[in-house]
Amino acid sequence: MYRNLGMELVRVTEAAALSAAAYMGTGDKNGGDGAAVDAMRSVLRSVEMQGIVVIGEGEKDEAPMLYNGEIVGSGQGPELDIAVDPVEGTTLLANGRPNSISVIAAAPRGSMWDPGPSLYMKKIVVEKNARQAIDIRQSATENLHHIAKALNRPISDLTVFILDKPRHKELISEIRSAGARITLHTDGDVMGGLMAAVPGTGVDVLMGTGGTPEGVITAAAVKALGGGMQTMIDPMLESEKQALLKQRPEAFDLVLGLDTLIQSKDAFFAATGITGGTFLEQVHLDRAGGVTTHSIVIRAISGSIRYVKGIHQLNPEHVFGPGPA
């Protein structure tokens, strides 16, 4: 895979973030998502690759979403599986809350796990020093004890990222009983997984059930960072459960680790902050008319992590398009 591909993917997430930022705090999550999709698709056409979207935004008849199976790229260069989330955290964007980001991941063709009918999965993510300590089949309390030991810290020093959903009521109670701290978020478990995999972000562990597509995207980043991640399918809908029983009955008992979710050693992950947070800054409109973005790009085979601050000397209408009505 080409060494400059990571920087090309950053251009993709920058474009999506710049377009989505016009909708920050407007309450229009569909408008922001649609603008990001249009921008991402436009820039993807110029990336030198033969890409197929494995993790996309929707089906073909729901345009303008980047749908599963869509061909992207210039048609030249490496053959790749692509996973996208033009706006991860659409509600966060609409409400102007932190940690909304634009994300893309790429890996050699055939190496990215296809979720099929799976919509939800149980996840646990940690940094590299604790990657051998996790076992998703064990309880949260057992995992926290093992993680604390691996990091040489008391459980009371651990902070766990959890989505604030009714399904996590018992999990939240167990984690608090074990003595760990919790940071609750309405959306955005790709960002949560990224924060858990990078030391010093204020998050030590991600636990709970979230989207399966987001889990595959997260796996590309965690693998590149050398962190630890395990997942198991965890259907929340009866229709999802029945589809899995029909198509993949063996999947219910499988622990899906990084080498299953992303089979290749060479994967790329790129993300650009939209609303900002403790990890990535938000899209910032400068007084002089420029626009600043803050991104991260990671490559698995080299373990390189680059933070990219882009200063875009463009007129707002060229960056954002028409924006919200």
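Predicted model: local features only at pLDDT ≥ 70, side-chain atom pairs only at ≥ 80, totals over all residues.
Residues are numbered from 1 along each chain as its sequence is written, and side-chain values use heavy atoms, with hydrogens and water left out.

Helices and strands here are DSSP runs numbered from the N terminus (H or I over at least four residues for helices, E over at least two for strands). Axes are lines fitted to C-alpha atoms, for helices over the stretch in contact, and angles run from 0 to 180 degrees between N-to-C directions. The crossing of α1 and α2 is right-handed, a term for a near helix turned clockwise from the far one by less than a right angle, with anticlockwise giving left-handed. On the α1 side, the contact (heavy atoms within 4.5 Å) is made by Arg11, Val12, Thr13, Ala15, Ala16, Ser19 and Ala20, and on the α2 side by Gly32, Ala35, Ala36, Ala39, Met40, Val43 and Leu44. These residues divide into ten nonpolar, three polar and one charged, where Ala, Val, Leu, Ile, Met, Phe, Trp, Tyr, Cys and Pro count as nonpolar, Asp, Glu, Lys and Arg as charged, and the others, Gly among them, as polar.

Next come helix α4 (residues 140-151) and helix α5 (residues 169-178), packed at about 40 degrees with their axes 9 Å apart. That angle is why α4 and α5 count as oblique to each other, and their crossing is right-handed. Ala140, Thr141 and Leu144 of α4 meet Leu171, Glu174, Ile175 and Ala178 of α5, a set of five nonpolar residues, one polar and one charged.

For helix α6 (residues 189-197) and α7, the axes come within 9 Å and cross at roughly 20 degrees, so α6 is roughly parallel to α7. This crossing, too, is right-handed. From α6, Asp189, Val190, Gly193, Leu194 and Ala197 take part, facing Glu214, Ile217, Thr218, Ala221, Val222 and Leu225 of α7. Seven of the contact residues are nonpolar, two polar and two charged.

Helix α7 (residues 212-225) also holds Thr212, which counts as buried because its relative accessibility is 0%; buried means under 20% relative accessible area, exposed over 50%, and partly exposed in between, with a 1.4 Å probe and protein chains only. A polar atom of the Thr212 side chain lies 3.5 Å from the backbone nitrogen of Met121. Beyond neighbours within four places in sequence, Thr212 contacts Trp113, Pro115, Ser118, Leu119, Tyr120 and Met121.

Trp113 turns up again around Val54, whose contacts outside four places in sequence are Asn68, Asp81, Ile82, Met112, Trp113 and Asp114. Val54 lies in strand β1 (residues 50-55) and is buried, at 15% relative accessible area.

Gln76, in the loop between β2 (71-72) and β3 (79-88), is exposed at 53% relative accessibility. Not counting residues up to four places away, Gln76 touches Glu48, Met49 and Gln50. Gln50 is 26 residues away along the chain, and its C-alpha atom is separated from that of Gln76 by 5.8 Å.

Definitions and conventions:
Polar contact = N/O pair within 3.5 Å; in protein donor to acceptor, adjacent residues only side chain to side chain. Parallel < 35°, antiparallel > 145°, perpendicular 65-115°, else oblique.
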